[in-house]
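Colleague: Could you take me through one part of this model up close? I'd like to start with a single residue and then see what surrounds the rest.

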Amino acid sequence: NIVQRRLLVEWRAALTQRLAREYLAGSGGSGDGAFYRLHLVGDIDNPDQRICQDVPAFVNLSLSLVVDTVSTFLKVAGFARLLYKISGTVCLAVIAYAALGSIVSTVGFGPLVMRYQRQTLMQEADLRYCLIRTRENAESVAFFRGGSSELSRFQDFFDSLLTTLRKQLLLLSGFETFKTAFFWCTFAVAPLLVGPAYLRGEVEFGTISQTNMAFSIILSGLSLIMTKLTDFAAVAVQVRRLHALELALERESMRSTVCRLGGEAASGYIQLLEEPPADRVDVVLRVQELSVRTPYLVTSHQQAILQGLSFDLQSSQSLLIMGVSGVGKSSLLRAVAGLWSDGSGKVERCGGHEVFFMPQHPYMFLGSLREQLLYPLVNRPGITATVLQMALEDVNLGYLLDRHELHDIKDWSSLLSLGEQQRLSFARVVLMKGVRLALIDEGTSACDPANEARLYALLAARFGSYVSVGHRPALRKHHTHVLQLSRSGGGAGGCGGTEPAQGKMLLMADAPLPADT
């Protein structure tokens with residue numbers, strides 16, 4: 001038992017850590033895991049459930065079935081020899097009968113059991129995710145008084161689960177009835193086959209008992225597939241789910257590698273080189289003939305968003321990307337960051353932690369205030385409390401230290417307003433050493449004008465090179481260049497039409513103020 005339990009722990013640890021590493025951090029621990037792409041594509045449902053629940057269930061059941069199989073083999077091997085000596089006919093009959101029962105169970109019941117177990121896993125995960133979404137968006141739901149709608153959606157998921165469970169119950173009831181009849185039919189087989197020999201005086205009375213015992217043990221052993229059918233079906237379902245996850249992780253790892261290497265293999269992908277252009281070391285970002293398509297999704301077709309973009313951003317320049325909503329501004333940032341790779345062209349930029357991305361809704365790490373400020377490298381040494389305090393004061397968040405300690409672990413996404421979270425995101429980039437390029441996707445949309453001006457002045461003084469997406473005309477004075485995206489044809493501002501958006505990088509002084517702003 002000790003060896004078996006130790007094997008369970010080590011096997012689960014190895015499998016869970018391998019899948020979690022590829023899912024979260026990617027190959028080599030670069031931090032570029034497959035979680036974003038899997039969420040985007042949507043072909044792998046509930047990867048969290050597969051890693052946290054399917055892995056331990058698979059390990060437990062697999063090891064249990066291996067132990068049962070070995071134990072059964074040893075028992076059958078021992079008693080088959082004894083039974084064959086007593087009656088070869090009885091021995092062959094029990095083997096044939098057990099094989100018949102296993103075939104009927106596997107072919108007749110096995111596929112249905114697997115289907116209902118797979119549906120149950122998926123529906124339970126969807127049910128749990130429904131409640132998780134309500135918890136994560138509790139404030140918005142409360143403002144709308146949407147509890148009744150959330151309950152209705154929960155009930156829809158739960159009704160689907162109950163329907164599956166009831167169908168599974170009927171199936172398993174029929175299977176249990178079949179198993180009971182299967183074993184009861186053999187209750188008197190051994191005595192009836194050996195009884196005539198006893199009456200003729202060819203065997204002793206004890207032989208009947210030996211035959212009956214050996215017959216029962218062999219039948220039970222050879223019927224292992226039938227008696228453990230639900231366990232075998234559960235293992236098969238878990239193997240399929242884990243194998244599908246592994247294939248998806250390998251696919252995303254290969255896609256990332258292809259995008260970095262380029263060449264013919266990268267046809268249909270944007271080539272991303274995480275190093276400055278060799279001919280211009282002062283260029284922090286170069287985009288060449290970039291065309292961007294929406295990622296492949298299970299539920300929709302790909303669409304061309306951007307086409308033919310080319311520009312260079314030097315280390316002393318800043319770029320504001322403008323355009324109407326839906327024209328592809330955030331999509332361009334995602335392509336530059338490497339999140340979206342479907343399309344063509346080349347992106348050359350500084351790599352690693354020299355690039356810092358600041359989204360409109362900053363991610364609040366599950367940890368202390370200190371870890372919030374140091375994210376994504378939360379374990380950086382040499383960062384004193386004084387340095388953290390100065391960073392908070394730089395972004396006008398010094399008052400947080402009057403209310404909280406740096407080591408306090410709280411739900412910061414609920415405690416801090418969106419504007420405070422955006423300012424905290426700027427504190428992160430200030431604390432990150434070696435940053436040469438910041439990518440800001442409407443990162444000050446929830447800030448007042450005074451704080452917005454303060455944050456951009458801080459960026460200009462510390463780094464000089466950043467790319468922003470925004471709508472406010474006031475942002476123009478904080479950037480040296482502008483890229484106005486628009487679609488040819490369609491309505492005002494180039495917002496209509498189905499053609500991909502285009503644009504050209506201009507000096508801010510040479511760029512006219514768009515009419516729609």
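Modeller: Let's start with S102. This is a predicted model, and in it S102 counts as buried because its relative accessibility is 9%, and the cut-off for buried is under 20%. S102 sits in helix α4, which covers residues 88-136. Leaving out residues up to four places away in sequence, S102 touches L222, S223 and I225.

Now for the nonpolar cores. The largest one has 39 residues, and M358, L373, V429, I440 and L459 have the most contacts inside it. Two or more residues each come from β4 (318-322), β6 (355-358), α12 (369-374), α13 (385-394), α16 (418-431), β7 (437-441) and α17 (449-462). Of these, α16 gives the most, with six residues. M358 is a handy place to look around: neighbours within four places in sequence aside, M358 is in contact with S425, F426, V429, A438, L439, I440, D441 and L459. There's also a second, separate core, this one of 32 residues, with L290, F311, L319 and V469 among them.

Last, have a look at helix α1, residues 2-25. Its 24 residues reach 33 Å from first C-alpha to last, close to the 34 Å expected at 1.5 Å a residue. The buried residues of α1 are L8, L15, L19 and Y23. As a rule, an α-helix has 3.6 residues a turn, so residues three or four places apart point the same way.

Technical notes. Residues numbered from 1 in each chain as written. Predicted model: local features only at pLDDT ≥ 70, side-chain atom pairs only at ≥ 80, totals over all residues. Heavy atoms only, no water. Core = buried A, V, L, I, M, F, W, Y, C linked by side-chain atoms within 4.5 Å. Buried < 20%, exposed > 50% of the residue type's maximum accessible area, 1.4 Å probe, protein only. Helix = DSSP H or I, 4+ residues; strand = E, 2+ residues; numbered from the N terminus. Contact = heavy atoms within 4.5 Å. Expected span 1.5 Å × (residues − 1).
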